[in-house]
Amino acid sequence: MTDPNRQTPDSPTTLRGVVDRLHDAANKEETSLNDVVEGLGHASFVPVLLVPALAVVTPLSGVPLFSSTCGILIALIAGQMLLGRRHLWLPRWIMKRRVPSDRLRKAADSLRKPADWLDAHTGKRLSVLVRPPMDRLLHLACVLCGIAMPVLELVPFTSSILGAAVVLLAMTLLVRDGLLALLALAVIGAAIWVGVQVV
């Protein structure tokens with residue numbers, strides 16, 4: 001089985017790098033998911049996983065059904081990581097989904113400072129959590145968060161909280177920092193608490 005956490009030579013290796021690639025992809029009037037994936041690379045699973053997770057914690061999450069689409073994307077990408085696929089596949093109807101580029105650039109700009117902060121405060125800690133077979137549990141957690149997003153879209157804040165959890169889980173795999181996985185579990189717990197309180 002191939003390593004789904006591997007990075008290609010041109011893959012971004014920091015969260016800021018992913019955010020910058022996202023900003024650079026928005027170079028037309030509208031930006032499709034295909035444009036973003038092309039900018040990151042079809043074999044760059046972790047950076048591509050970060051994109052919908054980051055998007056759902058920005059004001060873009062206010063767009064109707066946006067959180068559901070991001071959740072589906074997260075589940076599909078993480079599911080393929082769980083299966084150890086070599087190259088990413090996404091349905092054409094999702095790859096054609098577009099957002100206004102100016103909104104995407106603004107969202108990317110708003111993420112730059114938090115991305116720099118996270119990059120500065122991560123390191124190789126609790127590495128056992130990012131090595132097989134433990135890393136498969138991180139992939140599974142991302143799948144479950146993605147599946148939950150369409151279900152919980154009508155519950156305020158839960159999609160964004162779950163998106164933040166996926167950001168932390170993907171960051172765990174990107175920078176090999178197992179401490180972020182523990183933080184992600186705490187965030188998932190917070191999302192469950194919010195959902196229970198609202199329901």
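**Exercises on a predicted model**

**Exercise 1.** In this predicted model, determine in which hand α2 passes α3, and which residues make the contact.

*Solution.* Begin with the crossing itself, which is right-handed where α2 passes α3. Next, list the residues on each side: α2 contributes Val-36, Val-37 and Leu-40, while α3 contributes Pro-47, Val-48 and Val-51.

**Exercise 2.** Examine the side chains of Asp-20 and Arg-16, and work out what joins them and where both residues lie.

*Solution.* Start from the general principle that side chains of opposite charge can pair when their charged atoms come close. The cut-off to apply is a nitrogen of Lys or Arg within 4 Å of a carboxyl oxygen of Asp or Glu. For Asp-20 and Arg-16 the N to O distance is 3.0 Å, and the two side chains meet in a salt bridge. Both residues belong to helix α1 (residues 15-25), where they stand 4 residues apart, about one turn of the helix. Under this rule, the count for the model comes to 7 salt bridges.

**Exercise 3.** Inspect the backbone at Leu-126 and at the bond between Pro-132 and Pro-133, and then locate Leu-126 and Pro-133.

*Solution.* Take Leu-126 to begin with: its phi is positive, at about 45°, although the residue is not a glycine. Turning to the prolines, the peptide bond that joins Pro-132 and Pro-133 is cis, with omega at about 0°. As for location, Leu-126 is in the loop between α6 and α7, and Pro-133 is likewise found in the loop between α6 (101-120) and α7.

Conventions
Residues numbered from 1 in each chain as written. Predicted model: local features only at pLDDT ≥ 70, side-chain atom pairs only at ≥ 80, totals over all residues. Heavy atoms only, no water. Left-handed = near helix turned anticlockwise from the far one by under 90°. Helix = DSSP H or I, 4+ residues; strand = E, 2+ residues; numbered from the N terminus. Contact = heavy atoms within 4.5 Å.
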